[in-house]
Amino acid sequence: MTQHKPAITQRIAPEITPRVEELEAQERRLVFRHFTHDDAWALGSLLVELARESQAPVAIDIRRAGQQLFHAALPGSTPDNDAWIDRKRRVVERFGAASYLVGTRFRAKGSTFEDSSRLDPDEYAAHGGSFPIRVEGVGVIGTVTVSGLPQLEDHRFVVAALEQFLDDDRN
């Protein structure tokens, strides 16, 4: 007899779901002095290391000015994760803000991105996991995106890696 594990869906309680102001503060704080090909490799490698430590079944993508500088697909990730990466990345490129922040702004107004953005949901997804690469004095020049976990976890995973990377870079 085969035992089936119950599906576990993590529900995010409203009190721990980040507010728009908290998400905007993350974006103001997580700014690069510069972002080179070597920075993309180092950040991507850090994301892979963190994902392996937690056995996260994610795909990782880093782009600058439309060029893919880093991509990795860890065990358990699927081609669907790459499709999600593309959809979330397009939101960051269009709105200049993290995909989770964009979705949260719509929810804060009592709507959803899908209902109110007028953008094709097959092309755009305001779900967590894509974050703008912002350079001091320049603005948004690229994206770092993770897909494979629930959306808030994808977002938090990217933010944690950016915090560690930027702390290491500044010290």
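This is a predicted model: local features need pLDDT of at least 70, side-chain atom pairs count only at pLDDT 80 or more; totals for chains, interfaces and linings use all residues.
View 1. F70 is buried, at a relative accessible area of 7%, where buried means under 20%, exposed over 50% and partly exposed anything in between, using a 1.4 Å probe and protein chains only. Residues are numbered from 1 along each chain as its sequence is written, and side-chain values use heavy atoms, leaving out hydrogens and water. Rings of Phe, Tyr and Trp (its six-membered ring) pair if their centres lie within 6.5 Å; planes under 30 degrees apart are stacked, over 60 edge-to-face, and the rest tilted. By this rule the count comes to 5 aromatic pairs. W41 and F70 make an edge-to-face one, with 5.5 Å centre to centre and 65 degrees between the planes. W41 lies in helix 2 and F70 in strand 2, so the pair ties together parts that are 29 residues apart in sequence. Helices (H or I, at least four residues) and strands (E, at least two) are DSSP runs, numbered from the N terminus.

View 2. Elsewhere, F32, F35 and F165 come together as one aromatic cluster.

View 3. Four strands make up an open sheet: 4 strands in the order 2-1-4-3, with antiparallel pairing (two strands pair if DSSP finds at least two bridges between them). Strand 2 (67–73) and strand 3 (130–135) are at the edges with a single partner strand each, so one side of each has no neighbour in the sheet. On average, neighbouring strands of this sheet are turned by 15 degrees against each other, direction ignored. For such angles, axes are lines fitted to C-alpha atoms, for helices over the stretch in contact, and values run from 0 to 180 degrees between N-to-C directions. Helix 3 (residues 79–95) lies across strand 1, strand 2, strand 3 and strand 4, and runs at about 155 degrees to strand 4; contact here means heavy atoms within 4.5 Å.

**View 4. Strand 1 and its two partners, seen at R64.** Strand 1 (residues 59–64) is joined by 6 bridges to strand 4 (residues 139–147), and the two run antiparallel. Strand 1 is also joined to strand 2 by 6 bridges, again antiparallel. R64 shows both pairings: G142 stands opposite R64 in strand 4, while Q67 is the bridge partner of R64 in strand 2. Strand 1 and strand 2 form a hairpin with 2 residues between them, and A65 in the turn has a positive phi of about 50 degrees.

**View 5. I62 and the nonpolar core.** The largest nonpolar core has 44 residues, and those with the most contacts inside it are F32, F35, L43, L47, I62 and V144. Such a core is a set of buried Ala, Val, Leu, Ile, Met, Phe, Trp, Tyr and Cys residues joined through side-chain atoms within 4.5 Å. Elements giving two or more residues to this core include helix 1 (20–29), helix 2 (37–53) and helix 4 (99–108). Helix 6 supplies the largest share of this core, 8 residues. Not counting residues up to four places away in sequence, I62 touches a list of residues including F35, L43, L47, F70, I133 and V144.

**View 6. Arginines over rings.** R87 lies over the face of W84, at 4.2 Å from the ring centre. Likewise, the charged end of R107 sits over the ring of Y100, 5.4 Å from its centre. The rule asks for NZ of Lys or CZ of Arg within 6 Å of the ring centre and within 35 degrees of the ring normal.

View 7. Most residues other than glycine have a negative phi. Q55, in the loop between helix 2 and strand 1, has a positive phi of about 55 degrees although it is not a glycine. Q55 is exposed, at a relative accessible area of 71%. R118, in the loop between helix 5 and strand 3, has a positive phi near 65 degrees and counts as exposed at 81% relative accessibility. G110 lies in the loop between helix 4 and helix 5 (113–116) and counts as exposed at 70%.
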